[in-house]
Amino acid sequence: MNIIQIYKRFPTEKDCVEYLEHVRWNGIPQCPYCNSRRTTSLPKESRHHCNRCNTSFAVTVGTIFHNTKLDLQKWFLALVLILNAKQDISARQLGRDLEVTKDTAWRMSLKIRDALTQKQSELLSGVVEMDETYIGGKPRKGKKYDDDDKLIRGRGTKKVSVFGRRE
Ligand SMILES: [Zn+2]
C-alpha cells in the first residue's frame, strides 16, 4: 500500500483497531493474559473485558503499538513509509512526514525495524506448555558434584538448565 491507500483504508482510529482485531483474532477477541474467549466488548474505549481473569485489554497488547500515545494511523503510515523506502528513511524525514518529533520518529522506526527482524515477537497463544530440566551427568562415585557436601538437584545445581515452551 502507499500513503494514499492507507488514508483511504484507515481514515480513523476505529478502522485501524478493527483491522488489527480482524488480523489478530478473526472477529472473536481473545484475552492475551489467560487466552479466554469469554469477553465483553467495551466499544467506547476500543477495549475488551475478560470475564475469566477480570482484566481489560486492547488488541495492541503484546504488539509494537502497545501503550502508544500516538494514533494508530500514524503507526500504519510509518510502517508504509519504512517498508516502501528504497533506502533507510531518516528519523528527521519520518518525523516531518508524520508530524511528530524527530525523537518520536526515531523510537517508532526502532520498534518497527525491530519487529521486522524479530521472528518470535508474538505472544504464544492457545494451549501453551512449558517445562524445564537440567542436563548433565551424575557425579562419579566418591566425588562431590557440587561445592558443598550434598548433591543438589533442580534449581541451584551446576548442571545446564534447559527450558522449553510450545504453542
Ligand atoms: Zn483473561
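I take buried to mean under 20% relative accessible area, exposed over 50%, and partly exposed in between, with a 1.4 Å probe and protein chains only. By that cut-off, 26% of the 167 residues of the protein chain count as buried.

**Ground rules**

I am working on a predicted model, in which local features need pLDDT of at least 70, side-chain atom pairs count only at pLDDT 80 or more, and totals for chains, interfaces and linings use all residues. I number residues from 1 along each chain as its sequence is written, and side-chain values use heavy atoms, with hydrogens and water left out.

**Fold order**

I looked up the secondary structure next, where helices (H or I, at least four residues) and strands (E, at least two) are DSSP runs numbered from the N terminus. The protein chain has five helices and five strands. Reading along the sequence, I get the pattern α-α-β-β-β-α-α-α-β-β.

For the packing I use axes that are lines fitted to C-alpha atoms, for helices over the stretch in contact, with angles running from 0 to 180 degrees between N-to-C directions. My classes are roughly parallel under 35 degrees, roughly antiparallel over 145, roughly perpendicular from 65 to 115, and oblique for the rest.

At what angle do helix 3 and helix 5 pack? I find about 65° between helix 3 (residues 72-84) and helix 5 (residues 102-117), with their axes 10 Å apart. That makes helix 3 roughly perpendicular to helix 5.

I then turned to helix 4 (residues 91-98), whose axis comes within 10 Å of that of helix 3 and crosses it at roughly 135°. Helix 3 is therefore oblique to helix 4.

For handedness, a crossing is left-handed if the near helix is turned anticlockwise from the far one by less than a right angle, and right-handed if clockwise. Helix 3 passes helix 5 in a right-handed crossing, and the crossing of helix 3 and helix 4 is right-handed too.

**The loop between helix 3 and helix 4**

I stopped at serine 90, which sits in the loop between helix 3 and helix 4. Serine 90 is partly exposed, because its relative accessible area is 38%. Its C-alpha atom is 8.7 Å from that of alanine 105, 15 residues apart along the chain.

**Salt bridges**

How many salt bridges does the structure hold? I count two, taking a salt bridge as a side-chain nitrogen of Lys or Arg within 4 Å of a carboxyl oxygen of Asp or Glu. Side chains of opposite charge can pair when their charged atoms come close.

One joins aspartate 88 and arginine 113, at 3.5 Å from N to O. Aspartate 88 lies in the loop between helix 3 and helix 4 and arginine 113 in helix 5, so the pair ties together parts that are 25 residues apart in sequence. Aspartate 88 is exposed at 66% relative accessible area, while arginine 113 is partly exposed at 28%.

The other links lysine 14 with glutamate 18, whose closest N and O atoms are 3.2 Å apart. Both residues belong to helix 2 (residues 13-25), and being four residues apart they are separated by about one helical turn. Lysine 14 counts as exposed at 55% relative accessibility, and glutamate 18 as partly exposed at 42%.

**A nonpolar patch**

Which residues make the nonpolar surface patch? I noted Ile135, Val160 and Val162, together giving about 260 Å². Patches are made of residues with over 30% relative accessible area and no salt bridge, like charges being joined within 9 Å and nonpolar side chains (Val, Leu, Ile, Met, Phe, Trp, Tyr) within 5 Å. The accessible areas come from the Shrake-Rupley method with a 1.4 Å probe, and for residues only the protein chains shown count as cover. Valine 160 lies in strand 5 (residues 160-166) and is exposed, with a relative accessible area of 53%.
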